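Subject: Structure handover

Hi,

Here is the structure for your set-up work. Please look it over first; my notes follow below.

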Amino acid sequence: MIGLAVCFAVMGAASNAMGTAFQRKAASTVARGGGLRLLLALVRRPAWLAGIGGVAGAALFQALALVNGPMALVQPLFILELPFALLIAAPLMHRRLPRAGWWAVAGVVGGLTLVLVSAAPSGARYQTAMVRWIPVLALCLGAMALAVVLARSRRSSLFRAAVLAAAAAIGNALTAALLKSASGTLAAHGFAAFLTVWQTYGFALTGVGALLLLENALQAGPLAASQPALTIGDATVSLLLGVVLFGESVRTGWWLVPELTGAGLILWGVLRLTHVVPHIQQTLVGGSGARSRTDDRTPQRPPGPSSGRTTGS
């Protein structure tokens, strides 16, 4: 089961990264503009259709991963979406990833491996009592609302981007928790039962909310401010929700030393990726799972809204 969860999560991260890269490729060939005209232009491009397929596949892989393994394992693996996006987009956009970028990718992958091997997440329950859901929903939704208020009260673009990205990370993690519960119902009781549980509609609503927060974070300030908060925040909150809601467990004690070391490597790698490859920053994704949009940006413009996890991430 754990092996399947890891496999599906990695496939989901790669699929969403591919979707983002191909959508960016298609959008870069369309004249500036937006709305229905942009959409009509994009649907005639095979690259855009391939991108939509990648995003849809990512949603399916994320659900399969969450059904087969603990959330504390699955969601952090969607961090791989970031290096996957760069590795796919660089040749697709006829650009090269510099040596420093390769070191950053190695840092993210190595750090993630160290964290997950040290933490050894376990537990695969997908249902929990409503008495656990209520405080989790209140805290997560309250934190997201507070982040929006704080972002509006400050003029600093760095602060706004970081706070909104942190809110998007919380939203992504909550979406993944709801998706895990709803997908478990689907696997155990069928599609009819899936349509009757509140978690099905909950993950749809929180997913949309997380996407909107992500887009605002990317508009508010530089990627270097939003991406670390999004990447580390999603993994951290997902781990906590897995423990609180689904009774998952991770190793503590002296294992915290390699876990924190791995988290530091991930943070270093993400920061390097947002700084050393500015010529392909527009291809970066934020988050877990199937979070995407086809915004019209050309390579000459500063980094702006792009696809968002994944799902979950």
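**Pocket**

The largest pocket has a volume of roughly, that is about, 400 Å³. A pocket here is an open set of points on a 1 Å grid over the protein atoms alone, where a 1.4 Å probe fits, with protein on both sides within 12 Å along at least five of seven lines. Grid points are joined across faces, edges and corners, and the volume is the space filled by probe spheres set on the points. The lining of the largest pocket counts 21 residues, where lining means having an atom within 4 Å of a point. Nearest its centre lie Val 115, Thr 236, Leu 239, Glu 259 and Ala 263. Helix H4 (71–77), helix H6 (99–119), H11 and helix H12 (256–276) each give two or more residues to that lining.

**Ground rules**

This is a predicted model: local features need pLDDT of at least 70, side-chain atom pairs count only at pLDDT 80 or more, and totals for chains, interfaces and linings use all residues. Residues are numbered from 1 along each chain as its sequence is written, and side-chain values use heavy atoms, with hydrogens and water left out.

**Overall**

The protein has twelve helices and zero strands. Both are DSSP runs numbered from the N terminus: helices are H or I with at least four residues, strands E with at least two. Of the 313 residues, 53% are buried. Buried means under 20% relative accessible area, exposed means over 50%, and partly exposed is in between (1.4 Å probe, protein chains only). The protein exposes about 13200 Å², by the Shrake-Rupley method with a 1.4 Å probe. Carbon and sulfur atoms supply 72% of that area.

H6 has 21 residues. From first C-alpha to last it reaches 30 Å, close to the 30 Å expected at 1.5 Å a residue. The expected span is 1.5 Å times one less than the number of residues. Buried residues in H6 include Gly 101, Gly 107, Gly 111 and Val 115. Just after H6, Ala 120 takes a positive phi of about 45 degrees.

H10 (residues 198–220) has 23 residues and should span 33 Å; its end C-alpha atoms are 33 Å apart, which agrees. Among its buried residues are Gln 199, Thr 206 and Glu 215. Ala 204 also lies in helix H10. Ala 204 counts as partly exposed, at 40% relative accessibility. Ala 204 and Leu 178 are 8.9 Å apart, C-alpha to C-alpha, and 26 residues apart in sequence.

**Aromatics**

There are five aromatic pairs. Rings of Phe, Tyr and Trp (its six-membered ring) pair if their centres lie within 6.5 Å; planes under 30 degrees apart are stacked, over 60 edge-to-face, and the rest tilted. Phe 8 and Phe 61 are stacked, at 6.3 Å centre to centre and 20 degrees between the planes. Phe 8 lies in helix H1 (residues 2–27) and Phe 61 in helix H3 (residues 46–68), so this pair ties together parts 53 residues apart in sequence. Phe 8 is buried, at 18% relative accessible area.

Trp 133 and Phe 246 pair edge-to-face, at 6.3 Å and 80 degrees. Trp 133 is in helix H7 (residues 130–153) and Phe 246 in helix H11 (residues 223–246), so the parts they tie together are 113 residues apart in sequence. Both are buried. Ring pairs link Trp 133, Trp 198 and Phe 246 into a cluster.

The charged end of Lys 180 sits over the ring of Phe 246, 5.7 Å from its centre. That requires NZ of Lys or CZ of Arg within 6 Å of the ring centre and within 35 degrees of the ring normal. Arg 251 has its charged end over the ring of Trp 255, 3.6 Å from the centre.
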